[in-house]
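Please walk me through this structure in plain terms. I would like to see how its parts pack together.

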Amino acid sequence: MSSSLRPVPSRWRRAASIVLAAGWTRPETATPPSRPPPAEGFRLLLLQRSPHQGFMPGAHVFPGGVLDAADRSADWLGLFAPHHGPPGFGLGPAPFSRAAFPSPPDTGDSNADNTGALPEDVAFRICAVREAFEEAGVLLLRPRTSPPGPAPGPGLALEPPPGLAAWRARVRRDPRHFLRLCAHLDCTPDIWALHNWSAWLTPFSRSATRRFDTAFFLCCLREPPPVYPDSAEVVGYQWSSPSETTESFLSKEIWLAPPQFYEVRRLANFASFSDLHKFCLGRALEGLERWLPIILLTADGMVHLLPGDELYLEDSDFLENLMSTEKKTEEIMKEGKQFHRIVIHNRHLYDIHVTVQSKHKHVYPKNSVVSKSHL
């Protein structure tokens, strides 16, 4: 196998994304009456990015965005008091990254203030909550008078305040206004409802101009909140279960980037909403496993290699390299046994192959191999 070297290193920008899973026991007003409840008992919020966006135009994604210095501001301390504050903010022991490669990632992010007052696990959660409000109008807040610590069950999003559009415009112009909105509502971001889920580094590719170090959180809500796309970054949305999302992707109704597809298929492991919520609570202290996919170009396709795969190489050369081979994807698959990879046949056909054991009390997707009839 050979590689293609890029001489100037790219840098990752730190970001946070939130997977919103909502219980779904009856049809809601935004759902056609003929649409049955999902088999899994929950649906996920997917936002459709504007086709004019420079990064993943038109893709369906989970809410999220880049960490801002305002997300780590010391001004948050007064809002979280008196119930919560340093060092743990009621979250328990700080989680940690378990990735060996690359370690630590060179974020090169001038927007994040590394000397800020808030620890990273709090700042990333505030970022995710802020972005959910900016992009979707969803407010994951809790009253400051609520009891300390996490709620015993799935939460509820706050009802949108009067002047939602004006507040959102202010926050989009200056993220510091999000703290002012929370103070106006006498609430704090519900950081305790966000569970560590995963973390992804954008892999090197010849076309990539932006790369992100993104923490993914999962939040369970008892029912789906109303969603108000901002009509700038986000032009549409849908609530769909993992199985519904997979089918929409394969039928070319939506497009998912490989990490989002992987997470959707991972969530397909859960037969019920309560199972998913209990699982999140059970691995609360396990932290994040950060993954950098390495792209292998084959003669007829592409493979995203993930940690644990027999072809995955923890080598700094592959921070800025593509692996390549003259063999076809089918040959590569026949030669191997230890798989943790996403095979990209085309824009709307991915196969996930996993034969390695999951780590740190997490789950990996079941092998997701789709019939070539979808080609």
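In helix α7, which spans residues 273-282, the buried residues are Phe273, Leu276, His277, Phe279 and Cys280. Here buried means under 20% relative accessible area, exposed means over 50%, and partly exposed lies in between, with a 1.4 Å probe and protein chains only. Helices (H or I, at least four residues) and strands (E, at least two) are DSSP runs, numbered from the N terminus. Seen down the axis of α7, the buried residues fall within an arc of 160°, so they line one face of the helix; the arc is that of the directions from the helix axis to the C-beta atoms. Lys278 and Gly282 are exposed on the other side of α7. Contact means heavy atoms within 4.5 Å.

This is a predicted model, in which local features need pLDDT of at least 70 and side-chain atom pairs count only at pLDDT 80 or more, while totals for chains, interfaces and linings use all residues. Residues are numbered from 1 along each chain as its sequence is written, and side-chain values use heavy atoms, with hydrogens and water left out.

Helix α6 also meets helix α5 (residues 242-250): their axes come within 8 Å and cross at roughly 140°. Axes are lines fitted to C-alpha atoms, for helices over the stretch in contact, and angles run from 0 to 180 degrees between N-to-C directions. The crossing of α5 past α6 is left-handed, a term used if the near helix is turned anticlockwise from the far one by less than a right angle, with right-handed used if clockwise. On the α5 side the residues in contact are Pro242, Thr245, Thr246 and Phe249, and they meet Phe261, Val264, Arg265 and Leu267 of α6. By class, this contact has 5 nonpolar, 2 polar and 1 charged residues. In this count Ala, Val, Leu, Ile, Met, Phe, Trp, Tyr, Cys and Pro are nonpolar, Asp, Glu, Lys and Arg are charged, and the others, Gly among them, are polar.

The buried residues of α5 are Pro242, Thr245, Thr246, Ser248, Phe249 and Leu250. Their cover includes β3, β10 (234-240), α6 and β16 (349-354). Just after α5, Lys252 takes a positive phi of about 70°.

The next topic is the nonpolar cores. A nonpolar core is a set of buried Ala, Val, Leu, Ile, Met, Phe, Trp, Tyr and Cys residues joined through side-chain atoms within 4.5 Å. The largest has 50 residues, of which Leu20, Trp76, Leu140 and Phe178 touch the most other members. Helix α2 gives the largest share of this core, 10 residues. Leaving aside residues up to four places away in sequence, Trp76 touches Ala70, Asp71, Leu118, Ile126, Phe178, Leu179, Cys182 and Pro189. Another core, of 40 residues, lies apart from it, with Leu218, Ile342, Ile352 and Val363 among its members. In soluble globular proteins, nonpolar side chains tend to be buried together.

Is Glu134 buried or exposed? This residue lies in helix α2, and at 5% relative accessibility Glu134 counts as buried. Beyond residues up to four places away in sequence, Glu134 touches Arg168, Val171, Arg172 and Asp230. Helix α3 covers residues 164-173, and its buried residues are Leu164, Trp167, Arg168 and Val171. Viewed down the axis of α3, they fall within an arc of 100°, so they line one face of the helix. Ala165 and Arg173 are exposed on the other side of α3. The cover over its buried residues includes α2 and α4 (176-184).

Pro87 is in the loop between α1 (76-80) and α2 (120-136), and at 75% relative accessibility Pro87 counts as exposed. Lys359, in the segment after β16, is partly exposed, with a relative accessible area of 44%. The C-alpha atoms of Lys359 and Glu289 are 8.8 Å apart, though the two residues are 70 residues apart along the chain.

Over the whole protein chain, the secondary structure comes to 8 helices and 16 strands. Of its 375 residues, 55% count as buried.
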